[in-house]
Structures are given as C-alpha cells and as structure tokens.
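Please read the points below alongside the coordinates; they concern the pairing of charged side chains and the exposure of the residues involved.

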Amino acid sequence: MTSFRSWKLLKRNTFCDGVKSGLKMKLLPFMGVLCTAMLFVVYRTTIYQYHHTEMDEKLYPFEILKESALASGLLGGLPHGIIRASSDLELKPLWSTSSSRSKVDPSTRRCLLAIPVGIKQKDNVDRIVQKFLPENFTVILFHYDGNVDGWWDLDWSNEAIHIVAKNQTKWWFAKRFLHPAVVSAYDYIFLWDEDLGIEHFNPGKYLKIVRFEGLEISQPALDPNSTDIHHRITIRARMKKLHRRVYDSRGSTKCSDISEGPPCTGFVEGMAPVFSRSAWYCAWHLIQNDLVHGWGMDMKLGYCAQGDRTKKVGVIDSEYIVHKGIQTLGGRKTPRRKASNTEELTKRHGAASVDPRMEIRRQSTWELQIFKDRWKQAVKEDKNWGDPFLRNRNRKRSKLKRHGR
C-alpha cells in the first residue's frame, strides 16, 4: 500500500515537473524576444544620448565647456545661474531709448565679417562692407596701420568694431580677438583680406549654397584674371555652382579622382576663408600664437572640417571674387626726397637697406618650417591620435585591391 502511494506521489510530481518544464520551454522564446527588445531600447537610447551630446557640442560647445569648468571646480565660487559662457561682438548702448529699442535685434546678426585694413585700401573695404551690410552682418576691422580716424566719415563705421595694433597680421588679430567663446553667436565667420574685388559676389546667395551643400569651410572662387593665384583649386569653374576638387596632371602635384588631400581637394586658401561656428572652434586652436603669418595652416584646415574634408570643404564658383594681390602690410614707404650722391654711395658700399617685403617673406618661410615641425612632433607625441584621412585612404586602397583595380 505504501509503495503504491509512493508511486502515485512520484507520478504526480513527475507530471507537475513536466508541466513546469513545458511552460519554461514555451516561455524561453518570449523571454528571448523580451531581452532582445530591451537591449535594442538600451542601445537606441545610448546612441540617441551620444548623438544628442555630439550635437550639443557642435551647436553649443561653450555650454559644454562651462559644465566642464563647473565640474572641475574652477567656477565653484559662482552661483551656477549667473554664468554666461559665451558672448558676441555687438555694440551695446550706454543707455536705452525708445528709438534704440526699435532697431534691429542684434541676435538676428548671425554672421561675422572680419577684415585687417589699412587706410590705403579704404575705398575697396568700403565696397566690401557695403555688400555685406544688407545681409545683416556684424563687421569688425583690424587696423594694422594705426589709422582709425580716417574711417569715421563712412556711414557704417560707427556700427563696426575697430581694433588697432600696428603692423600685425590677420592671424595675429584673429587669435586674440576672435576667440570661439566670443564669436559663438555667429553661424559663419568670414575672415577676409582687404584687397578683394566683390563685383560678382553676393553674401546672401553664397550662404544659401554653403548651407545647402553642408560646407563647414569654404571660400569664393577666384576670377581667372586675379593677380594672385597660387593653387588651381581656387580658380573659378565657369559652368559650376561649386567644386570640391580639381583635376590637374601638370606639375609635380597630380590631382585626380584618387587625390584625397590639399591642394587637390579639401582645401581653401587664406585670403578669403569662411568658417562655420564648429569649424572655427577647431581652426582657432590650430592658429599658432607666435607664428603670425599663418603659412602652411591652409594645408591643415581640412582637419577642422567636422568630417570628410572632401565633402565638407568647397569652393563656390557662382559667387566669385578677384584677388588683387596688393601688398600693403610692411610695404615700403615712398621716399620724401631724392637721396643725395653721398647717401647713394653709402647705400651701395655700406650696409644694404632693409626691404620690408623681403624680410616678411623670409619670416613667413621660417614660420612655415616651424609649423610643419610642430605638426610632426604633435602627431608623434599624441599616441591616441590617428590621422582620419590616412585611415580612409588605406580603406579605399584595400577596396580597390579587392576589386582588382
């Protein structure tokens, strides 16, 4: 009797265990689907947060810096809400009136035009600024000759920002007065020379193309009749709206479809560059504090393109300029009187007179070599940095080899 009850109890337990096992087996696929769904949600949330942070860093990089400074304790002595991490270059009235309040809201000025100027190029600078003012640009002039008073008769001069430092270059001014935190309010920064002809250039149309094409760094093309043309990629293509590369089989530099870097693609020159806010944040850090002429920097600007320089750097053909190549900074002054015979003999047989332009070129060449050496040294020392364009080149070469090309 006892054995019968034991057998019956064992059978019942076996039946229950079988039911439970069956239920578990049926639940397994459901649990797998549920876990997969949860992992997918976590993955998408992580990706979203990453892209959201990345977007914030691009759109509001200085808010991110502020949070970083707060976390490090550098701003610990201030209440969080009082901190304003960015600024702008808009002039503020000493007092507010009904007429001043009715003027255009400065926050609508979303672009900046910065030009180093000398009084000799006043008329040409006036023509340039007159083209930009209807598009609601903020204008800043860097006076390298010290002459500010000669500009006050221009109608727009009182609304421009004037900064004076004698015999300083565009890059010297830009490094000191166009800090990213100061110009973060502007979508685009035009850092132009003073000797550009703009008869065929419209800044509004130019910006529409830049935005539509997603260019982070750009420049207007140069008229083929320009006095100073150093790189073929900057020459205007008459039948195009813009171009991102050039094809050239002449000379030592061969430019073709497989060319992936300056001066064949991903390149603009230093006379009329245009930077997006994010690109300028990077380019400003690339400017060397002590190398004032900026030679060689244009070859590295593609690293600030916020992505593939072959796509995000371009030359706009439909809105083009003329580079007149007028050398004024450090130029020789016209002598006030004719030198005497004694002075001529002294000049011939004594110490040779200094040619400022020759000295500037010598300094520029010296700075170019220093910049190249610094880049090489920085790459060597930064073990965590990898050349993104070198990786792309290697991938493309591997792909071509696989296809037997």
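1. The model is predicted, and the pairs discussed here should be read with that in mind. Asp 248 and Arg 250 form a salt bridge in which the closest N and O atoms are 3.2 Å apart. The two partners fall into separate accessibility classes, because Asp 248, at a relative accessible area of 15%, is under the 20% limit for buried, whereas Arg 250, at 53%, is over the 50% limit for exposed.

2. A second salt bridge joins Arg 244 to Glu 213, with 3.1 Å between the closest N and O atoms. Arg 244 belongs to the loop between strand S7 (242-243) and strand S8 (274-276), while Glu 213 belongs to helix H7 (residues 203-213), so the pair ties together parts that are 31 residues apart in sequence. Both partners are partly exposed, Arg 244 with a relative accessible area of 25% and Glu 213 with one of 21%.

3. Within helix H11 (residues 356-381), Glu 359 and Arg 362 are 3 residues apart, which is about one turn of the helix, and they form a salt bridge whose closest N and O atoms are 2.5 Å apart. Glu 359 is partly exposed at 37% relative accessibility, and Arg 362 is likewise partly exposed, with a relative accessible area of 47%.

4. How many salt bridges does the count come to? The count comes to 11 salt bridges, taking a side-chain nitrogen of Lys or Arg within 4 Å of a carboxyl oxygen of Asp or Glu as the criterion.

Technical notes
Residues numbered from 1 in each chain as written. Predicted model: local features only at pLDDT ≥ 70, side-chain atom pairs only at ≥ 80, totals over all residues. Heavy atoms only, no water. Helix = DSSP H or I, 4+ residues; strand = E, 2+ residues; numbered from the N terminus. Buried < 20%, exposed > 50% of the residue type's maximum accessible area, 1.4 Å probe, protein only.
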